[in-house]
Amino acid sequence: MNQNLALRRLVWKEVRQIQPLVVLLFVLGLLLHTLVLLSGSDWRGNFQYAQVQHFYVFLGLPGLFAVGVGALLVSQEKEQRTMFWLASLPISPHRIVMTKLLISLGALAVVWTLSGLALSTFKVQGESLWLNRDFGSFASWVMNSIFVLLAGTALAWKLNSSFASLACVVPVAVLPLLAANVLASNDARLPLFAIDPSPASLLVTQLLLSALAIGLAWRFGLQSLSAARVPAITKPARPEDLKHANTWNFGPLLAPQSALVWQFTRQSRVLLVALLAGLFLGTWFFVIGKFYRGTDLVVIWAAILALLAIIWLGVCSFQGDRLHNRIRFLADRGVRPRTVWWTRHLAPLGMIAIVGTAWMVFSGTVMVGSISLLLSFDPIVPISLICFAIVAYCFAQWVGQVTTSPIVAAVTSPIVVVAALFYLSNTIMLLGTPVWLLVLCLPIPLIATYGAMNLWMDGQIGIRFWLWHAGLLCAWLLIPAIPFLAVVSTIDSMPASIATEIATFRSPSPSLPARVNVDSTVVTPPSQHYVGLAEHWKVLQSDVSKYVHGPREGLLLERIQRLIPFAILFRTNLQVPEEKSEHLQRYQQSIELLTDLVRRCRASSRLLDQDFADVVECFLVKELLLPNARQTLGATFETTARQLADRDSRAIARQRAIAAGWQQYQQQYYSRRPAERSVDSFGGYTIGGLNRKAGSFENLVARQRRFGRAVADLWELAKLREQGATDERLRKIADYWGYTRFNDTTPFVLPTPIIPRVPGRLWFASWESQAAKLVTDPQ
Amino acid sequence: MFFSIEPSNGVAIYEQIVRQVKFAIAEGTLGPGQLLPSVRILSQQLAINPNTIARAFQQLQADGVLESLRGRGLAVCATAADHCRNARQLIIESRLRSVLVEGLHSGLAADDLRRIVAHQLDELVGMATVASADRVASS
Amino acid sequence: MSDVISIKGLEVHFRGCDALRGVDLSVSSGKVFALLGENGAGKTTLIRVMTGFLRQSAGECTVLGLNPAREAQEIRRRIGYVSDAPALYEWMRVDEIGWFASSFYSDGFLAQYRDAIDRFEVPASRKIRYLSKGQRAKVALALALAHDPELLILDEPTSGLDPLVRREFLESMLDRAATGRTIFLSSHQISEVERVADDIAILHQGKFSVIAPLNELRDAISEITVSMSDPLAALPDFEATTEVLSEQTEGRQRRFVVRGLVPELAKQWEQRPGVANVRVRHVTLDELFVACTRGARSLEENGKRKPSTIELKKHVG
């Protein structure tokens, strides 16, 4: 037999066996990663909001792989009895064990390389992830995964069940950390875990333990593959030897439920003990880490251990009976699926409950300062931990029922649980789901496995089974989104037709008032103390002219609105005989300036300016309607009247302002992350509805939609001419912005501020028709 | 008594049982008044369907070979031996007939057949005389 | 007498394969019913429908008066079921598994189980993992019998077992049958079936080609071997009441397996020119099985006949 060929074939077989695990891990990891990134982006492809923690998925994948590969290559072969066949081939056991070890180490290297590559393609806030990272801790994490792989292989060779060997890895994985701490704590004053062990000491313990693990794996592997040893008995067996004292010696018969619980716990003894150890270690680390001045590393390990233990306890509730399809024993005898279901959960949940209660009791009795540990928390912490644990367990048992292979279940369940937790937290933060709704969703995984129990026990894993589970999964995903969907479907938003109209609106460029050289010698006195009316008027005139006729942008409404009282003053002073001609001139100038101001405002793309122009025009109409206005104003009357009567350009100006304002609003809105999209101003106005409960995405979305509808209404109004006066939309806009609309215009009483606070307040009011009449109906 | 049942030899199982019981009675293996095992025990012993055995017993009862004793099962009738010997003779006759039919089919003439039968009889009778003489001598 | 099992028009279709294509049967109480068929004929599918592990595509099925689709658990509690690869807990001892199972049944289970184990001579303190194949099968049978079920369903229980173990199985089963219990047995071992069955059914490609009491079958089915002096001579057709199950030709001889042979036919044929010899004999169950399966196939291929079901007048009682 060609040894080289045999070896090559063996290598090929091992690689083919490992392949599915690698592929599965990466697919799931990518899915999870996409989920995580979606929340950190603005949903349009920018990842600038992602943070470093979001990429930890790629650090966790090799860890999971290291845990699972030993079980995959060794335990699975033992369970499927192909190991016997392998051992019967003319290859030496040394070669087999060596090949499996090397292939798994090689595959781990491949997985690490791929993860590393993936990590380096992402940039967080413009920087590559590899900059400024702590390479020491990264290296110790890599080394730890190698240790876990070796320990997992040794356990797989020793133990019979693949799931048991996986579970035992949980407490074993933390041995290097424990050993390093014990070795490094020569200072008796510092408690254990108070400082992180130095990377060097950690590395040393990891190397030592890895060496031990390799040795054990080698030994157990050879033992497994060579002939079983028989104890050295020299006498022939006698029938009496077979009868033991406690054969047929049982206590009273158990009720079915108790029998099932006995069967479950006896069957999964090793598994349960190992996971209990993991759970215990996890909570112990947590206590140390949080309250005895322990380090962050300890808390991280605590989270990993406790979470893995809870998750795998959930998986083992159903996977334990999968082996050799032994659940059929119960199915063949017509045992009630109901009873089987809760007896599967009793032991694992019981263990979690016991450890949880013990922890609570412990922290309730231990004092920190003057209050007990338990009370020193924010109540949200234990409650959210309990919720995490429940969600983790529920999803893990769901995965446990649905998968056929224990290794697949063990490896995918952590990923699924993390995805579920992530989804839940995002629904709270982004979609604004109320907590009671999420609590309602908690039992859905349990309902799923309960309902499918009959099919699962009978081995009828067909369409009905999958549809049931898929349907409940969809329900679990959709129910938290119901409030959000309700908002989106019930609240009107800007219709698409109007949105396109606004986007494609083109108007002729507005005509600005003629540029005039401004007298730049006039300067505003610093403290605004004017010597007399004349000087005040000069300064004001100059300021307004600078804006109206000059190139300068920006409107000082507070200053410019003073033009109006001045104009009124000049007109009233016309009664007074002295300086009548001066006042007349000033009056005419002010009216002219006001007219130019209106034109200038109409040319602006800010909606506030349009409404300000309305106010000014309203005033002008009143002025022009006064008796003798024509004589008083002379030529200005005509120009002003014509401008006032021009409804078309007014409408176009309004539309332009709305379109420009909407575009600017959109730009600001979408440039932010979904959770931070809250734009407050539109065209110079503050958007209405701000005082409702903001913050949750649902409310933001509701607000956005309502606002969109309001702008759509504004737009449609702006297109109308005479019909607008009685349009229903006027009332809707008034409601939205919270003002009372009245049709006519009250006379101006100084010093009422005339700066508009809400849009559209004066649109289509009676002054517009009066203005139209100015031209057609000369006095 | 021991039975040898061959399910595939063309004769119905119950018929085989009936014949073997009758032969046994004819030979003297089963004496008059002797009890037969119950249907249940016999079906277990022979690994035969109890209904089949029950049918055989019914047939034997109908033929007057067995009778039912209250509380004790089935026993051989006192007058059974004669009937069984007759039955045995009938069976032998039919077996002989089928052999002769086969001989005729294969082309042998009637005289040839008679010669063969006589020759075989001479040999066997001679041995039978010796055998019965042995039996007389040793008893 | 009510039927313990009653099936009408049962059909089971899988994707790409029709496991059962219209099956009718009824088993009365106290009988031993044997189901024969080649591998893949649909025997296990039928049993799985009866025990509620599979839902039929069409037709009705009633076991002990209950519908397996709805009350599968109740049925499984009342019957004893030994599947072809029974699931046992490897880590339990023989006595432990009996004690565990006894929780699900009424009192007396453990005592009966213990009796059976002692009778079978299986070491009670050994783990099931270390039992031989025959011992495992015995444990499975003991578990199924210990609650004295009125119906015992056995799916190839003795396949792969040595003759002694098979004999012990048969003895246990017959003990049960003798006390009036019903047994439904699916098997390959024709020799066993010939000994123990009351009613026989042969399943071929999803339909019954034969379903009748065993003794009637033996009487009704014959094998005719015709030796021809002229191989090309034609033979007359059989009567309309005679059904041909299989037909074979080998050189100068032709062999038919038929049902309902008219007795004078042999003589008639012998007198025809070209026919040298006609021999008629009864058929063994083995040969009948082969005729129903291989013979049916060849007849279909030659387009001679469509497969149909033989139902002989059933012997009541």
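The contact between chain A and chain C takes 24 residues from chain A and 22 residues from chain C, two residues being in contact if their C-beta atoms, placed from the backbone, lie within 7 Å. On the side of chain A that touches chain C, two or more residues come from each of α10 (256-267) and α13 (327-332) of chain A; helices (H or I, at least four residues) and strands (E, at least two) are DSSP runs, numbered from the N terminus. The element that gives the most to this side is α10(A), with four residues. By class, the side of chain A that touches chain C has ten nonpolar, seven polar and seven charged residues. In this classification, Ala, Val, Leu, Ile, Met, Phe, Trp, Tyr, Cys and Pro count as nonpolar, Asp, Glu, Lys and Arg as charged, and the others, Gly among them, as polar.

The model is predicted, and local features need pLDDT of at least 70, side-chain atom pairs count only at pLDDT 80 or more, and totals for chains, interfaces and linings use all residues. Residues are numbered from 1 along each chain as its sequence is written, while chains are lettered from A and ligands numbered from 1 in the order in which they are written.

Chain C is assigned domain 1 (30-49 + 72-204) and domain 2 (218-311); domain bounds come from an automatic or database domain assignment. The centres of domain 1 and domain 2 of chain C, taken over C-alpha atoms, are separated by 38 Å. Contact between them involves seven residues of domain 1 of chain C and six residues of domain 2 of chain C. On the side of domain 1 of chain C that touches domain 2 of chain C, α7 (190-196) and β8 (199-204) of chain C each supply at least two residues, and α7(C) gives the most, with three residues. By class, this side of domain 1 of chain C has four nonpolar, one polar and two charged residues.

Chain C also contains an open sheet of three strands in the order β2-β1-β4, with antiparallel pairing; two strands pair if DSSP finds at least two bridges between them. The edge strands, each of which pairs on one side only, are β2 (17-28) and β4 (58-63) of chain C. From one strand to the next, the twist averages 20°, with axes being lines fitted to C-alpha atoms, for helices over the stretch in contact, and angles running from 0 to 180 degrees between N-to-C directions. Strand β1 (residues 3-14) of chain C is joined to β4(C) by five bridges, and the two run antiparallel. C:Glu11 has C:Ala58 as its bridge partner in β4(C).

Chain B has five helices and two strands, which follow the pattern α-α-α-β-β-α-α along the sequence. The radius of gyration of chain B is 19 Å, well over the 14 Å that the globule rule gives for 139 residues, so chain B is more spread out than a compact globule. This radius is taken over C-alpha atoms, and the globule rule is 2.2 Å times the number of residues to the power 0.38. Along the principal axes, the C-alpha atoms of chain B fill a box of roughly 55 × 40 × 25 Å.

Chain B is divided into domain 1 (13-79) and domain 2 (81-138), and 27 Å separate their centres, taken over C-alpha atoms. Their contact takes ten residues from domain 1 of chain B and eight residues from domain 2 of chain B.
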